[in-house]
Amino acid sequence: MMQTIRVYQFGGPEVLRLEEQPRPSPGPGEVLVQLKAIGVNPVDTYWVAGMNPAVSLPFTPGLDGAGVVDAVGPGVDAQWIGNRVIVAGSVTGTYAQWTVAKASRVHPLPPNTTFAQGASLPIPYGTAHRALFHRAQARAGETVLIHGASGGVGLAAIQFARTAGLTIIATAGTESGRQLVKTQGAHHVLDHTNPDYLQEIQAITGGRGVDIILEMLANINLGKDLPLLAAAGRVIVIGNRGKVEINARDLMIREADIRGMLLFNVPEEELRNIHREIYSGLEKGALQPIIGKELPLKEAAQAQESVIKSRAYGKIILIP
């Protein structure tokens with residue numbers, strides 16, 4: 001038996017229930033991982049709220065985690081057993097003490113990386129890499145604006161952008177968040193609760209505008225993002241929670257683009273390549289996941305509340 005979080009009706013964090021359930025077994029091409037840390041992501045709250053029609057009740061939330069391979073199913077090399085791994089997508093859900101994942105979604109955890117850091121990697125770092133280098137096609141010397149940079153995706157984006165030679169303008173809504181993104185290497189740090197922060201961005205760029213904007217909350221910011229773009233600028237929409245109104249002329253006069261992205265659309269081979277880049281960055285010390293808060297599994301509802309409030313400082317981790 002094991003402890004796991006179960007959802008029997010869609011809703012807010014209050015619908016999460018801690019239960020005892022039988023430990024799952026891996027099938028063909030799958031591995032069983034004893035989780036040591038679990039990553040909490042905004043997408044988890046969307047699925048709990050019923051926004052993914054492919055999810056049926058009851059279910060265990062969670063896609064990211066890190067731990068030790070406990071068993072393997074048919075067709076999987078037994079040498080995986082006992083290895084420290086990152087889980088980047090789960091068959092049975094990661095809000096649990098054990099999880100089953102496809103072998104293709106399990107990646108080695110570098111020796112210099114903790115389980116908590118490993119659990120913070122798959123969605124945030126995968127999203128940041130995909131947004132910057134695949135969708136935005138970022139190039140050295142360009143300027144990137146990262147909204148809400150003190151959260152998991154934002155911090156990952158700062159670290160990737162520094163290694164790629166970009167100039168980084170980062171925003172955060174709290175003093176602690178702004179200090180964090182500054183220590184992570186942002187060249188300019190702004191308070192997005194300040195009514196004048198948009199003018200500050202224009203001043204920083206000398207009126208030229210920014211080449212890339214990573215947008216975590218498009219329904220709030222997208223209409224204000226477009227006038228900030230330089231010619232041929234790109235907005236990459238990473239997060240959104242509602243409808244938004246824009247002036248398309250802001251795109252026309254700049255010949256700019258709005259590009260969406262969703263990590264779940266990425267082909268398997270590209271995902272493997274992204275994780276190779278992440279592993280290399282971890283080994284070299286260029287990528288250093290920041291853990292903001294660790295909570296026991298039974299406090300999963302509190303963890304999701306913190307994510308929903310969008311004032312995260314680093315990554316929120318559950319410990320089973």
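**Exercise 1. Is Arg272 buried or partly exposed, and which residue does Arg272 meet in a salt bridge?**

Step 1: look at the cover. Arg272 has 30% relative accessibility, so Arg272 counts as partly exposed. The cut-offs: buried is under 20% relative accessible area, exposed is over 50%, and partly exposed is in between (1.4 Å probe, protein chains only).

Before going on, note that this is a predicted model: local features need pLDDT of at least 70, side-chain atom pairs count only at pLDDT 80 or more, and totals for chains, interfaces and linings use all residues. Residues are numbered from 1 along each chain as its sequence is written, and side-chain values use heavy atoms, with hydrogens and water left out.

Step 2: find the partner. The side chain of Arg272 meets that of Glu269 in a salt bridge, 2.8 Å from N to O. The term needs a side-chain nitrogen of Lys or Arg within 4 Å of a carboxyl oxygen of Asp or Glu.

Step 3: Helices (H or I, at least four residues) and strands (E, at least two) are DSSP runs, numbered from the N terminus. Glu269 is partly exposed too, at 41%.

**Exercise 2. Which parts does the salt bridge of Arg105 and Glu268 tie together?**

Step 1: check the contact. Arg105 and Glu268 come to 3.1 Å, N to O.

Step 2: Arg105 is in the loop between strand 6 (98-102) and strand 7 (106-108), while Glu268 is in helix 9, so the pair ties together parts 163 residues apart in sequence.

Step 3: check the cover. Arg105 is partly exposed at 24%, and Glu268 is partly exposed at 30%.

Step 4: zoom out. The structure holds twelve salt bridges. Some form a network, which links Arg139, Glu142 and Arg234.

**Exercise 3. How are the rings of Phe133 and Phe160 arranged?**

Step 1: A pair of aromatic rings is described by the distance of the centres and the angle of the planes. Rings of Phe, Tyr and Trp (its six-membered ring) pair if their centres lie within 6.5 Å; planes under 30 degrees apart are stacked, over 60 edge-to-face, and the rest tilted. The structure holds four aromatic pairs.

Step 2: Phe10 is partly exposed at 34%, whereas Phe59 is buried at 9%.

Step 3: now Phe133 and Phe160. The centres are 6.0 Å apart and the planes at 90°, so the pair is edge-to-face. Phe133 is in helix 3 (residues 122-135) and Phe160 in helix 4 (residues 152-163), so the pair ties together parts 27 residues apart in sequence.

Step 4: Ring pairs link Tyr125, Phe133 and Phe160 into a cluster.
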